[in-house]
Amino acid sequence: MTPISTTSEFSREEVGLALRNPGMHLEGLRYEITPIGMHYLLIHFDIPYVDSASYRLPVTGRVRNPLNLALEDIRSRPKVTMPVMMECGGNGRAHLSPRPISAPWHDEAIGCAEWTGTPLRPILEEANLLDDTVEVLFSGYDRGVDQGVEHSYERSLKMEDALDDEIILAYEMNGSPLPPQHGAPLRLIVPDWYGMASVKWLKGIQAIDKPFEGIQQTVAYNYRQSEDDPGTPVTLKHPHALMVPPGIPDFLSRKRHVQAGNIAIQGRAWSGFGPIERVEFSPDGGETWHDADLGEPPGPYAWTSWRSEWDARPGEYELCVRATDASGKTQPLGSDESWNQGGYGVNVVQRVPALVV
Ligand SMILES: Nc1nc2c(c(=O)[nH]1)N[C@H]1C(S)=C(S)[C@@H](COP(=O)(O)O)O[C@H]1N2
Ligand SMILES: [Mo]
């Protein structure tokens, strides 16, 4: 089970995980489409080496018509390009106290790339799933050991979820072939869900007649309050807004130094539960809130830009932002109500200390 740290210091292992799994620089929120090298990465094990020339994707299991697709077969199928905001299920974990030991994300496990690929549903229809199929299992080429168990990175979707029209098998990111670290040559993209569902380095797709019980499905990525709580699965992204930290940073603390005057605060917001309806900015740690102006998202699964004016007078401030989505869900002010054993789905409001001079 997830080990928990009761000290505020990060262990050598957590720092190692953070170096292998970089986040997006928050100033990158200025870009509607995140440049490839700025998009966060989450790689549980090693990046597998997969040769795209000899690559085949088997679609097997409870199907009448097994498939074995070359990359060219997949590329010649109907093509879709869409911006998808992606966020790691563990984003915000380091705000929790005590802290689950895993990738120690604060706010930066985010990015919104433009993914090109082919819809999954017609491929499953062509494979012709048998009536006893309950889930579709997606396996990656990467293998490792977690919680003492050796396994491949694998995740399933319930059949009805796997048939959602927006799910694609992606072979391009921002118009270039997928880079190795983002899942080359082929990955799944499940819009609206936290990132763990979007299996990289796809080795195979299998229709199965029993719920998948692999470790990344039943042990990791569940909201549980204690070790013996079976929990509920992590699925859709919670509403979340972030700002581009204004002014200039102090090198070590990252505290912002801002020139007094009327300044624009901007950022992006998203939710897997529906469109963003409201974003509010607070200059005073959440005492007072001001409605921000919202932009048009570049697609239904992308993020929404927002902007607020702030008349910054000299002094010490704590800048906050919070989003509310069309389902009425919003963000908590403190991290206590987000606490769960694995540190998933934490969407506590961002707090940016600033000194106005
Ligand atoms: N095969 C495989 N797929 C994977 C992972 C992985 O480690 N192996 N990590 C998952 C998690 S937890 C996240 S958040 C996203 C990250 O995608 P990115 O690195 O392209 O941003 O990929 C998901 N797909
Ligand atoms: Mo993740």
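Guide: By class, 11 nonpolar, five polar and three charged residues form the lining of the largest cavity. Here Ala, Val, Leu, Ile, Met, Phe, Trp, Tyr, Cys and Pro count as nonpolar, Asp, Glu, Lys and Arg as charged, and the others, Gly among them, as polar. The model is predicted: local features need pLDDT of at least 70, side-chain atom pairs count only at pLDDT 80 or more, and totals for chains, interfaces and linings use all residues. Residues are numbered from 1 along each chain as its sequence is written, and side-chain values use heavy atoms, with hydrogens and water left out.

The volume of this largest cavity is about 230 Å³. Of the 19 residues lining it, L42, R187, G195, S198 and K200 are the closest to its centre. A cavity is a set of points, on a 1 Å grid over the protein atoms alone, where a 1.4 Å probe fits but cannot get out; lining residues have an atom within 4 Å of a point. Grid points are joined across faces, edges and corners, and a volume is the space filled by probe spheres set on the points. In all, the structure holds three cavities of 30 Å³ or more.

I43 belongs to the loop between α1 (12-20) and β2 (56-61); helices (H or I, at least four residues) and strands (E, at least two) are DSSP runs, numbered from the N terminus. I43 counts as buried because its relative accessibility is 4%, where buried means under 20% relative accessible area (1.4 Å probe, protein chains only).

Notes. Chains lettered and ligands numbered in written order. 1 Å grid on protein atoms, 1.4 Å probe; cavity = no way out; pocket = protein on both sides within 12 Å on 5 of 7 lines; lining within 4 Å. Buried < 20%, exposed > 50% of the residue type's maximum accessible area, 1.4 Å probe, protein only.
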